[in-house]
Amino acid sequence: MSSQSTNVAAAQNQGSGNGITVSDSGTTIDDSTNHIDFGASLSASESSEDTVEIQEKTNPYTVNVRTDLGVQPEQDDLWGAIKDHYTSRPPTERNHRYEIPAGTWYVETDNIHFDAHEFLSIVGDPYATLKVTDQDVDRLMTVGRIDDSLPHAQSTVMKNLEVDIRGDYDAGICRWYTYTYGLIQNVSMRGRRDRRNPNFGGDRHTIMVDGRRVTTTNIIRGCHLNNGDTHYDRDTHVGHAIPFSSEIYNRGTNIWDGCQVSGYVDNGFYVSNNSGRNILRGCHARDCSGAGFRIGANDYIEDCRITMTEQPGYPWSGLWLQSGGGQMVKGLTIRNEVEKNTEIIRLTQDGPAHLTDVHITDKGGDGRAIRVADNDEAQTVFEGCTITDHSSPSISDYAVYISSSNVVFRDCEYDLNSQTEQDRHGFFVSRRGTNVDQLRMHNTQIEPDGASLRFGESGRAHNIESSNFDGLVMSDPGTTLEDVLWVGNRHRGTTAFRGERSQWQGDFNFGFDI
């Protein structure tokens, strides 16, 4: 029985009412039959007045754009045809899966607004290319509305599609404001964005997803934006295209799974400025300005990568935590081979954060590996983290800057070995004028060219325990270190506490006396 053809069976007019006689075989099928072997005897029969025809019916909710909408590949405006079909029905009757057969299909209609539907799916079958062929197309689609009242975009799916913007064209793919569920899977872009082009530059966002309710779930899986954006000389990277983003209207949960981005000027994954949650798993950001991963309150990164092999032309960070607290980073590897203007990891969030198994390999130049400048009241924890710094600094500098209180380093190892005549020091605790308190180090090893640890600011209640310092440990003149627990540490370098020490507690300290 073919799913694409008309099936013919001869009606049985005589004999048992429980059976059918199949033409040319004479075999009766009844309740007792469990096996039939026709061999080579089965042949087609001609239709007659005794024939029953069973015609398969197409699912009324599946729309094949070629057979049902009459769109021809590389000829007609596919996007305009989908828009006409969608808008011809009221929201409660919009429950369609638009199947796009393999091939190249033209997009000449700007920004279809899929504002309200029960279900919408736009799917390559098995995979299709959407080629932008009109310079007025700035964005392919907007789903839902910023207003979260009904009717709304309930469930939306887009998958197995490539958006082709090669030539003198530029366009973003989508801005989604989803209500219940959204899925973007196996969607990629062919051609480089040209957002700042004065003649045909498209939307600032490439793929942007906001869930409009706290119960909304969106999954963005296996999407690749690896051709980057065109660089324009400006004072800042702001204004270029953003590849993956979640904006201020997101209140739901976005799961970014196995997505990749390369060569974008304005960040890689920019999801920090919303009250919802973004979970990034197995994603890779490569050669992006701004930040590779820029996450906000309650966001989570797991088993991701950041790679820098080409200078992006603007200041960059690999990981930036900002906007609120509760961030968790677990299993992040960062490899850098280019010059840094700032730091590889930047922490400026307003609440607690926990970073586990973060591994930095730095073979670039200048800049810092880590800077912590977050909220004093909340705790930031680094656990099981490493830095292998074989960079080439042009000036003597520190790998890690601690500019806020309540920071913990546990079971960490930092190997700092400059490839130039300039020293690569370890930790600098300072924020130029205000005390930095409650630095905690436990079982941490710092192997620098020069100083392992320098207190450039006064502070109290530091706990430094069971750690190894291969270089100088010091405090600057004028500093006061008060109520410090310094116990079980090994000092292979010298110590030079030039400021005042008050109410220290310690024992088993190898290398200097308290």
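Which side chain meets Arg-286 in a salt bridge? I looked this up and found Asp-287, with N to O at 3.9 Å; a salt bridge here is a side-chain nitrogen of Lys or Arg within 4 Å of a carboxyl oxygen of Asp or Glu.

**Entry 1: ground rules.** I note that this is a predicted model, in which local features need pLDDT of at least 70 and side-chain atom pairs count only at pLDDT 80 or more, while totals for chains, interfaces and linings use all residues. I number residues from 1 along each chain as its sequence is written, and side-chain values use heavy atoms, with hydrogens and water left out.

**Entry 2: the chain as a whole.** I looked up the secondary structure and found 1 helix and 46 strands in the chain; helices (H or I, at least four residues) and strands (E, at least two) are DSSP runs, numbered from the N terminus. Of the 514 residues, 51% are buried, where buried means under 20% relative accessible area, exposed means over 50%, and partly exposed lies in between (1.4 Å probe, protein chains only). I then turned to contacts, meaning heavy atoms within 4.5 Å, and saw that residues 24 or more positions apart account for 70% of the contacts with a separation of 6 or more. The chain exposes about 22,100 Å², of which carbon and sulfur atoms supply 42%; accessible areas come from the Shrake-Rupley method with a 1.4 Å probe, and for residues only the protein chains shown count as cover.

**Entry 3: core and surface.** The largest nonpolar core has 102 residues, and Phe-293 and Phe-409 are those with the most contacts inside it; such a core is a set of buried Ala, Val, Leu, Ile, Met, Phe, Trp, Tyr and Cys residues joined through side-chain atoms within 4.5 Å. I followed Phe-409 and, not counting residues up to four places away in sequence, found that it touches several residues, among them Phe-382, Val-400, Ile-402, Tyr-414 and Phe-427.

Ile-146 is found in the loop between strand E9 (139–144) and strand E10 (153–164), and its relative accessible area of 36% makes it partly exposed.

**Entry 4: strand E28.** Is strand E28 enclosed or open? I found that 4 of its 5 residues (368–372) are buried, so E28 is largely enclosed by the rest of the structure. Strands of a sheet pair through backbone hydrogen bonds, either parallel or antiparallel, and two strands are taken to pair if DSSP finds at least two bridges between them. Strand E26 (residues 343–347) is joined to E28 by 4 bridges and runs parallel to it, with Arg-346 opposite Arg-371. E28 also pairs in the parallel sense with strand E31 (residues 397–402), over 3 bridges, and there Val-372 stands opposite Ile-402.

**Entry 5: a sheet of three strands.** Further along I found an open sheet of 3 strands in the order E38-E42-E46, with parallel pairing. Its edge strands are E38 (459–460) and E46 (500–502), each pairing on one side only. E38 is joined to strand E42 (residues 480–482) by 2 bridges, and the bridge partner of Gly-459 in E42 is Leu-481.

Leu-481 turned up again when I looked at Ser-475, which is in contact with residues including Phe-455, Leu-481 and Ala-496, its neighbours within four places in sequence left aside. Ser-475 lies in strand E41 (residues 472–475) and counts as buried at 1% relative accessibility.

**Entry 6: salt bridges.** Side chains of opposite charge can pair when their charged atoms come close. The count comes to 23 salt bridges. Asp-203 forms one with Arg-175, the closest N and O atoms being 2.8 Å apart. This pair links distant parts of the chain, 28 residues apart, with Asp-203 in the loop between strand E12 (181–190) and strand E13 (205–211) and Arg-175 in strand E11 (residues 172–178). Both Asp-203 and Arg-175 are buried.

Returning to my opening pair, I noted that Arg-286 is partly exposed at 31% relative accessible area, whereas Asp-287 is buried at 11%.
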